[in-house]
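Morning, everyone. Please bring the structure up on your screens. I'll take you through a few parts of it.

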Amino acid sequence: MKVQNNHAWWLVLPVFALVAFSAILPMMTVVNYSVQDIFDPTTRFFVGTDWYEKVLTDPRLHDSLLRQFIFSACVLAIEIPLGIAVALSMPTKGRWASLCLIVLAIPLLIPWNVVGTIWQIFGRGDIGLLGWALNALGFSYNYAADTLDAWVTVLVMDVWHWTSLVALLCYSGLRAIPDVYYQAARIDRASSWAVFRHIQLPKLKSVLLIAVMLRFMDSFMIYTEPFVLTGGGPGNATTFLSQTLTKMAVGQFDLGPAAAFSLIYFLIILLVSWLFYTAMTHGDQNR
Amino acid sequence: MNWMAWTQPTAIFFAVIALMLIAMTVWELRSPSAPRRGFLPIATTRGDRLFIGLLGSAYWHLMVIGLTDWSIWIATALSAVWLFAVMRWG
């Protein structure tokens with residue numbers, strides 16, 4: 001059996017200390033809050049699992065969770081293939097490659113609340129180009145009143161903001177493929193699809209893993225953009241998990257239920273991310 | 001530490017997790033593990049199985065709290081059985 005030397009793990013100690021201070025200690029505090037009814041640090045009562053029962057049977061959480069899963073699934077289903085397609089169609093070298101990279105990077109540099117504001121104005125029927133144009137073309141488009149319009153606008157906004165990330169990751173992955181693979185494919189007269197399926201896609205696996213994980217986690221935690229764009233409406237149509245949580249924690253100041261909610265939220269992200277990671281890293285080993 | 005709003009049950013919970021991690025680290029240093037296949041559909045190391053066991057235990061607790069009127073101790077007992085099964089045969 002091959003025995004590994006684990007002494008290099010000591011080098012992780014500074015990062016571990018930083019993570020302990022910034023994440024583990026706050027997380028432990030949230031666990032402590034989730035089992036108490038807290039009014040202030042000195043006035044608190046142990047309630048056991050009451051908040052978990054309350055949160056797990058709360059229809060608001062069920063609805064937000066369902067909306068959140070649908071939203072994240074749509075985001076992944078659109079942004080991953082689109083990002084790969086954009087990366088494949090980009091020039092490989094020269095000034096056009098540099099220009100494409102700059103253009104792709106622009107949406108990533110814009111803060112979330114500004115993206116929300118841009119799309120809020122862009123989608124308005126009276127002064128926004130998108131809303132005005134759609135209405136002029138005969139479509140009855142109003143993201144503030146129609147559920148489908150609100151969903152499509154939030155999704156398109158997210159696609160506009162974040163597909164660049166997937167495209168840039170895939171582009172870097174494509175540029176890292178040695179030319180000998182393409183030479184071998186040319187000798188075998190492989191079709192473009194065969195090159196994509198048997199060379200590019202397998203070689204993109206590690207960057208796609210990062211892209212899928214980042215886009216899942218980010219889309220699952222989305223807050224600012226839909227909050228600015230639709231405020232969670234119409235009704236609760238675009239109220240996702242973090243907005244429900246924020247209402248509970250900051251709006252109603254229900255710290256105990258909000259802490260229990262946060263932990264359930266964290267466990268869902270942990271499980272889904274782990275499933276993605278395991279499926280993508282163990283897929284080859286099991287073949 | 002008052003700002004962290006500690007309670008006795010949560011202190012015991014974290015102490016048990018910390019002891020598990022320390023024990024696993026000592027065990028791994030003394031006898032390094034290699035990935036193996038058990039009833040889980042993937043090859044896992046001892047650390048992987050502890051993670052799967054603990055994550056599964058959290059979900060056992062959520063299921064019992066959310067779907068049943070059972071005592072929390074039943075969830076804890078189920079979790080202990082699950083953790084043992086994953087570590088031993090996973």
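Look at where helix α2(B) meets helix α3(B). This is a predicted model, so treat every value as computed. Which residues of α2(B) take part in this contact? Start at B:Arg46, B:Arg49 and B:Leu50. Then come B:Ile52, B:Gly53, B:Leu54, B:Gly56 and B:Ser57. B:Trp60, B:His61, B:Val64 and B:Ile65 complete the α2(B) side. Facing them in α3(B) are B:Ile72, B:Ala75, B:Thr76, B:Leu78 and B:Ser79, along with B:Trp82, B:Leu83, B:Val86 and B:Met87. Sort the residues of this contact by class, and you get 13 nonpolar, six polar and two charged.

Now the geometry. Two packed helices are described by the angle between their axes and the distance between the axes. For α2(B) and α3(B), the angle is about 155 degrees, and the axes lie 8 Å apart. How do we name that arrangement? Angles over 145 degrees count as roughly antiparallel, so α2(B) and α3(B) are roughly antiparallel to each other. Their crossing is right-handed.

Step back to the whole of chain B. How many helices and strands does chain B have? Three helices and zero strands. Along the sequence, the pattern reads α-α-α. The C-alpha trace spans about 40 × 35 × 15 Å along its principal axes. Chain B has 90 residues, and 30% of them are buried. Its accessible surface is about 5,600 Å², with 75% of that belonging to carbon and sulfur atoms. One more figure, on contacts between residues at least 6 apart in sequence: in chain B, 51% of these join residues at least 24 apart.

Two residues in chain B deserve a stop. The first stop is B:Thr44, in the loop between α1 and α2 of chain B. Is B:Thr44 buried or exposed? Its relative accessible area is 1%, and buried means under 20%, so B:Thr44 is buried. Leaving out residues up to four places away in sequence, B:Thr44 touches B:Ala34, B:Pro35, B:Arg36, B:Arg49, B:Ile52 and B:Gly90. You have met B:Arg49 and B:Ile52 already, in the contact of α2(B) with α3(B).

The next stop is B:Arg88, in helix α3 of chain B. B:Arg88 has 47% relative accessibility, so it counts as partly exposed. B:Arg88 and B:Phe39 are 49 residues apart along the chain, yet their C-alpha atoms are separated by 9.9 Å.

On to chain A. Helix α3 runs over residues 59–89, and helix α7 over residues 147–175. The two pack at an angle of about 45 degrees, with their axes 7 Å apart. That angle makes α3(A) oblique to α7(A). The crossing of α3(A) and α7(A) is right-handed. By class, their contact has 21 nonpolar, two polar and three charged residues.

A:Cys74 sits in helix α3 of chain A. At 24% relative accessibility, A:Cys74 is partly exposed.

Last stop: A:Thr238. Where is A:Thr238? In the loop between α11 and α12 of chain A. A:Thr238 is buried, with a relative accessible area of 0%. Beyond residues up to four places away in sequence, A:Thr238 touches several others, including A:Arg67, A:Ala150, A:Trp151 and A:Val154. A:Pro226 and A:Gln243 are also among them.

Methods
Residues are numbered from 1 along each chain as its sequence is written. Chains are lettered from A and ligands numbered from 1 in the order in which they are written. This is a predicted model: local features need pLDDT of at least 70, side-chain atom pairs count only at pLDDT 80 or more; totals for chains, interfaces and linings use all residues. Side-chain values use heavy atoms; hydrogens and water are left out. Axes are lines fitted to C-alpha atoms, for helices over the stretch in contact, and angles run from 0 to 180 degrees between N-to-C directions. Helices (H or I, at least four residues) and strands (E, at least two) are DSSP runs, numbered from the N terminus. Angles under 35 degrees count as roughly parallel, over 145 as roughly antiparallel, 65 to 115 as roughly perpendicular and the rest as oblique. A crossing is left-handed if the near helix is turned anticlockwise from the far one by less than a right angle, and right-handed if clockwise. Ala, Val, Leu, Ile, Met, Phe, Trp, Tyr, Cys and Pro count as nonpolar, Asp, Glu, Lys and Arg as charged, and the others, Gly among them, as polar. Buried means under 20% relative accessible area, exposed over 50%, partly exposed in between (1.4 Å probe, protein chains only). Contact means heavy atoms within 4.5 Å. Accessible areas come from the Shrake-Rupley method with a 1.4 Å probe; for residues, only the protein chains shown count as cover.
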